[in-house]
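Please read it with the structure open.

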Amino acid sequence: MSALPAVSPPAAGTLLSVNGIEVIYNHVILVLKGVSFNVPQGGIVALLGGNGAGKTTTLRAVSRLLKGERGEVTKGSIEYQGERIDNLSPYDLVKRGVVQVMEGRHCFAHLSVEENLLTGAYTRNLSRADLDVSLEKVYAYFPRLKTRRTSQSGYTSGGEQQMTAIGRALMASPTMILLDEPSMGLAPQIVEEIFEIVKDLNTKEQVSFLLAEQNTNVALKYSNYGYILENGRIVMDGEAASLANNEDVKEFYLGVSSGQRKSFRDGKNYKRRKRWLA
Amino acid sequence: MATKKNGPVIALGVVLGIGFVAPLLAGQPLGFFLEVTLGGLMAGVLYSLVALGFVLIFKASGVFNFAQGAMVLFAALALARLAEWLPGWVGIPAGLPALALAFVLATGIMIVLAMLIERIVLRPLVAQDPVALLMATLGVTFFLDGFGQTIWGSDVYKIDMGISKDPTIILESMFQGGILISKEDLVATVIAAVLVLGLAIFFQKTATGRALRAVADDHQAAQSIGIPLNRIWVIVWAVAGFVALVAGMVWGAKLGVQFSLAQLALKALPVVILGGFTSIPGAILGGLIIGVGEKISEVFLGPVLIKAFDLAGGGIENWFAYVLALLFLMVRPEGLFGEKHIDRV
């Protein structure tokens, strides 16, 4: 494991490869300072890191949703299935199978749960019968949504909204879902439930996931590989299991320290982290 | 949650209701009262048509489209002049056939206009302040007012739908002298009803309609699942353009196509405040309430006020709608049917 990963050429079976992208907001605010990572076919890859590290920006750069936020990718390239996708519209991307589930769910509050799901199939131009098949498939993964199908989604619970958002993305029949902070504001039990379904979708439907999470513990439990973002750079990467056992990760992100409780006098850790981030 | 605010609304409703039946209580003949009410309802339908255009665009893009009135004028001018010119160009008989063809062409023109507005005005202003967009539509208003007259001319033109202007008298057996209604107004009502029904089906049942509502709720999320905002904007402006065309046709047939049609937009403003900016049924009902309210206050309340305060004249019709809208803003800012902001904690 290297602290600063070299940009490796995408290996065979690489679905998404992001090479040294730089993102600037409003022409002045540099948010991503050269971020590179790969997502293999059928993998679940986690982007970890604290507030403002650049996780959401990275996902938005991939899904081309930066423009509405006045952001721009100024350097680097993004390849999906071996093709540059930096200049596609979100519509084209969804058609190719890359769908983002945004942070904070973003369900259509005044549409019913079922209508929310149906909008997800907008790019596919399905017949009514095919739509029903797709709907049933989503309901099979999220039985809870079926019981609430006619409720206005603005009045459903946070967990149900997260399920609606993921189900809506599924309706686009994606090969890859960019999942932004699915655990946000949810009870631990619901978080586990949702991640179990993500895992299920990964194994049964071969959907690959790029997951941005602050909840490092859960994210590493369910993903295969992880990258840690700090301050717009990737500072560490590795297999999920090895990251979870890494002393630094444990201490900085999982809140588990190696030894006994430390006193504030012991400034070593702080210095170590600073060096680590530089 | 909703019950808390219902008190004032009910109170306002009761006051309006009493105002509505007051003329009857004061001993006005029922036949005349019904006649005024019907006249008001039919004027209201026309307000509804214009308000509908506002609501459509506001729902889908959150833009308050100041140019809706100018679009009505532009569409009506196009329709009137094309119907006039077409017989000379392609040799189809003047009258209804020419009007029908002109209607089709004018629809095409409104669609092209929608595309141009999206391309030139909306797309460069994406992710800007709503105020910037409002100002942009203000610019579109002036452009359309002027440009419309440049191509179509600035006189008063006629649209002839082939309906006789003679009023019909109904229910003669029930009331002395019967009730006068105009056929034109009846036709207008039917057209408006069909249009509204069509729009309701379009919004509730089709994939595009669903996408429009999705964009209205959360345009970022809509983008994230691949709904192309640009296309949605073109569609919604085209639909609003079509509604403007229908409104322009009906108003134009009634009053003649002239510059004052553009002022209708201002009449529609209280209608959407009353009905709610995001509600199609609200636009309809708001239009009806304002139409009836105006006529009843003008005919029955006007003389009373003039007598009581020794005033020079009526003119209640002109400000009634605005006062009503103001009351609604104080009591229920989202309007009768507007979408409440859904907040969850």
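1. First, a caution. This is a predicted model, so read every value as computed from it.

2. Chain B has 12 helices and 2 strands. Follow the chain from the N terminus: the order is α-α-α-α-α-β-β-α-α-α-α-α-α-α.

3. How does the overall size of chain B fit its length? A compact globule of 345 residues would have a radius of gyration near 20 Å, and chain B has 21 Å, so the two agree. Along the principal axes, the C-alpha trace of chain B spans about 65 × 60 × 40 Å.

4. Of the 345 residues of chain B, 43% count as buried. Now take contacts in chain B between residues at least 6 apart in sequence. Of these, 74% join residues at least 24 apart.

5. Next, the interface. Here 19 residues of chain B touch 28 residues of chain A. On the chain B side, helix 7 (207-217) and helix 8 (219-224) each give two or more residues. Helix 7 of chain B gives the largest share, 6 residues. By class, this side of chain B has 10 nonpolar, 4 polar and 5 charged residues.

6. Chain A holds an open sheet of 4 strands, in the order 2-1-4-5, with antiparallel pairing. Strand 2 (29-40) and strand 5 (83-84) of chain A each have a single partner strand, so one side of each has no neighbour in the sheet.

7. In chain A, strand 4 (residues 71-80) and strand 5 run antiparallel and are joined by 2 bridges. A:Glu79 has A:Arg84, in strand 5, as its bridge partner.

Technical notes
Residues are numbered from 1 along each chain as its sequence is written. Chains are lettered from A and ligands numbered from 1 in the order in which they are written. This is a predicted model: local features need pLDDT of at least 70, side-chain atom pairs count only at pLDDT 80 or more; totals for chains, interfaces and linings use all residues. Two strands pair if DSSP finds at least two bridges between them. Two residues are in contact if their C-beta atoms, placed from the backbone, lie within 7 Å. Ala, Val, Leu, Ile, Met, Phe, Trp, Tyr, Cys and Pro count as nonpolar, Asp, Glu, Lys and Arg as charged, and the others, Gly among them, as polar. The radius of gyration is taken over C-alpha atoms; the globule rule is 2.2 Å times the number of residues to the power 0.38. A residue is buried if 20 or more other C-beta atoms lie within 10 Å of its own, exposed if 12 or fewer, and partly exposed in between; C-beta atoms are placed from the backbone.
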